[in-house]
Amino acid sequence: MRTLKLLLSIVVVLVIILFVWLKFFYLRGPLAIQDGQLTMPQLSAPVDVYTDEFGVPHIYAENEEDLFFAVGYIQASERLYKMDVIARAVEGRLAEAFGADLVGDDKYLRVWGFHRIAKNMVQNMSAESRTLLGRSLEGINAYIDEHMDDLPVEFKIAGHKPIHWTYEHIIGYARLMGHDLCLAWMPEVIFGGVLDKLGDVKARELYPVYPDTKPYIVPKKVDNFSSVAEFMFERERRVREITGAIGSHIGSNSWVLSGSLTKSGKPILANDPHLGYSQPPVWFEMHLVGGRFDVAGVTLAGVPLVVLGQNQYYAWGFTNVMVDDTDFYVEITDDQHPNQYFYDGEWHDMIIHEELIQVKGGDPVAFQVRETHHGPIINDVHSILMKNESPPISMSWVGNYMTNELEAFFGLNTARNWNDFSSAVSKFWIPGQNMIYADLEGNIGWRPAVALPLRAKGTGLVPLPGDDPQWDWQGFVPFDEMPYLFNPDQGYIATANNKTIGDEFPYYISAYWEPPARANRINEMLRVPGKKYDVNDMQAIQMDVLSDHARDLTPYFVELLATSDRSQANYQAAYDALINWDYVVGKEDLAAAVFNVLWFKFAYNLYGDEMDLIGPAFKDGFFKLVNIAIRNSIFLLENNPQSSWFDDVSTPNITETPAMIVERSFKEAIADLEERFGADPNDWNWGNMHTLTHEHPMAKIKILDMLLNLNVGPFPAAGSGTTVNNMQYSMLDPYSVVLGPSVRHIYDFANFHKGGLSVLPTGQSGNPLSPNYRDQAEKFNTGAYRDFPVDEQTVKSAGYHHLIMSP
């Protein structure tokens, strides 16, 4: 026994030693250096880096080339693993690091062709841009070279080394972001699949939104298009999980008030872009000073320019325009012309891209990407789809065109007035953004930074005939014909991915908008008669959780349930909660829980039976893009209660009515809540089921998560995908929050020189052992903010960490 106890003691000690060694040594990874001095022979003069308590660097350089080198080096020191995953996604090189399971994803990414597009754009880069981007690349790669033997923990676990960054990675990252924010192709795939499997009536009833002004074009049915749709949805799900672009309410809120509506008499600008949650977060905060630059805000780690923020003259913000910048074309080929396509009465050669994917632990995989003048053939990369089950489908996307977003960002970072801003906006095409503006002179404005394809009449919501030139894009709407606002009479501008402009605008923008709930609520709060606003009001609006969607839909639920049998326990309590609800989706709210579970069940009962006929991946894609269900369900209840969608196709002997579907959904919702929380409705709190966890991609390795606490959360969350404080839950994994504000910014021009207010969802660093890995989470969840000073005296006297990078 003494021997056994001794052996057990030794084992325990060894386990403890192993745990300590793993957590604090082997798995620690390099922390970013924030104090002292670094000798960097690549510099021509010293660079001072002041890093605040939240890990935000304020970089002061004597020239722009040294500034950009320092930016690249510092970004890599905090986010190298995330940057490497992005670089691999841009090139379609994921299988090289992670194995054969990702070959299909690499093929899909190479069909989109971010790297090919970036190579072409690099050839047209200005000499100045090439020089400054090159310096940033030197900084990134210098950090990689210095730390190749002491890499972040993720590289040690995955067993690969980081790749060196090139110009194509920076440009391609912007294109990848364009893809992530491009949702216009998804409705086209959905309607094409519905048309294929369910027919014209179902397709038309699913999308009756702007029928008078934008006719629904159905040139011809595409056989087996649903197979193409299934493939695309499955690949998109996998790729977006890898890059962190999950969720479908990928939009934003932004508004700007003129001094006529504020207590100070000066403008206030607020912005919170909505993106998928992951750990580390999307944005990297920084303040750059050197040469022409004195700019602060957020960027993408790997991109050396501020994407959203302020300089010394003005501030700007973004929301997604939701532009329809994608069309699909059915190409004609035959066995005698496999690499040609028929167009305008003639056979034309396709462009053939020979691709070779390196596979970790396996043989390389070769394949071809074929391309017509419309764009790449999207269904070549799936073996089943190539067996004549569906015709070749090409994809025309604005992102395949030569554009100049890099020069646009240089312009946005250095603009001094509205004209400079407008010039920069004119160069920005993708991803299409509503850009709001406010400056020190008291001006406010809005411009859409987007390319609008000139199309034949109609929306093109299903694939178009590829052989007929009438369906081709005829260029783009000229910038000087685009709408804009400058100092509008109403004194404010608000954008929330809602319809951009009325039907008086002669060009088609989109038929796919976010549900108007957030926009309606923001406008409601900014139109209080006689009210003068301040920063506290802006914070309250950003955190508002009243759902205009619930306010529209709940009365229909109440009416349709009025004659239902509510004698069973808890039915009446839940019904009364809906009747008396103020539509505030609070964490402690019973009615919020009842409504959201009821809505979830209603959506699946309304559309799920038909989607089952198409396929599981298609069904998941439809419910992932929940915006269609949100908009269409209210339309059907208001305008078409006889719609065939209400009938459950799995019950052929019964013709269901809206009341029957709602009653079934209500019973299922009560059963779900009782199973989750028990029989007492007082325990049915929304925040107990609606939680936010920022998931690290390697937290699925449980021992690693236990050692390093990789995930941040869970946190009970108020709101939903239809509240201003957007906390969208997944319809595929209810009710986990997957998307929301990726940063909150407020700029008060009464104190503009002091900087703005900002908060990230978790923290600045990607190192789990860094104090800045999760240190903003509490502020974010409670609606608090941190100061982001830009005044040099304030920064240098604040007692921040001080690093000197010397040549």
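Modeller: F600, Y604, Y607, F622, F623, W645, W686, Y729 and Y735 form one aromatic cluster. The model is predicted.

Biologist: What makes W686 and Y729 an aromatic pair that is edge-to-face?

Modeller: Their ring centres are 5.7 Å apart, and the cut-off for a pair is 6.5 Å. Edge-to-face needs over 60, so the label holds.

Biologist: Why does the pair tie together parts of the chain?

Modeller: W686 lies in helix α22 and Y729 in strand β23, so the pair joins parts that are 43 residues apart in sequence. W686 and Y729 are both buried, which means under 20% relative accessible area.

Biologist: How do you know that the charged end of K202 sits over the ring of W645?

Modeller: The distance to the ring centre is 4.7 Å. The limit is 6 Å, with a further test of within 35 degrees of the ring normal. W645 is also one of the cluster members.

Biologist: What puts K531 over the face of Y533?

Modeller: K531 is 5.3 Å from the ring centre of Y533. The cut-off is within 6 Å, so the distance passes.

Biologist: How many aromatic pairs does a search of the whole structure find?

Modeller: The search finds 43. Among them is Y571 with F666, edge-to-face at 5.7 Å and 75 degrees. Y571 is in helix α17 and F666 in helix α21, 95 residues apart.

Biologist: Are Y571 and F666 buried or exposed?

Modeller: Both Y571 and F666 are buried.

Definitions and conventions: Residues numbered from 1 in each chain as written. Predicted model: local features only at pLDDT ≥ 70, side-chain atom pairs only at ≥ 80, totals over all residues. Heavy atoms only, no water. Phe/Tyr/Trp six-rings, centres within 6.5 Å; stacked < 30°, edge-to-face > 60°. Helix = DSSP H or I, 4+ residues; strand = E, 2+ residues; numbered from the N terminus. Buried < 20%, exposed > 50% of the residue type's maximum accessible area, 1.4 Å probe, protein only.
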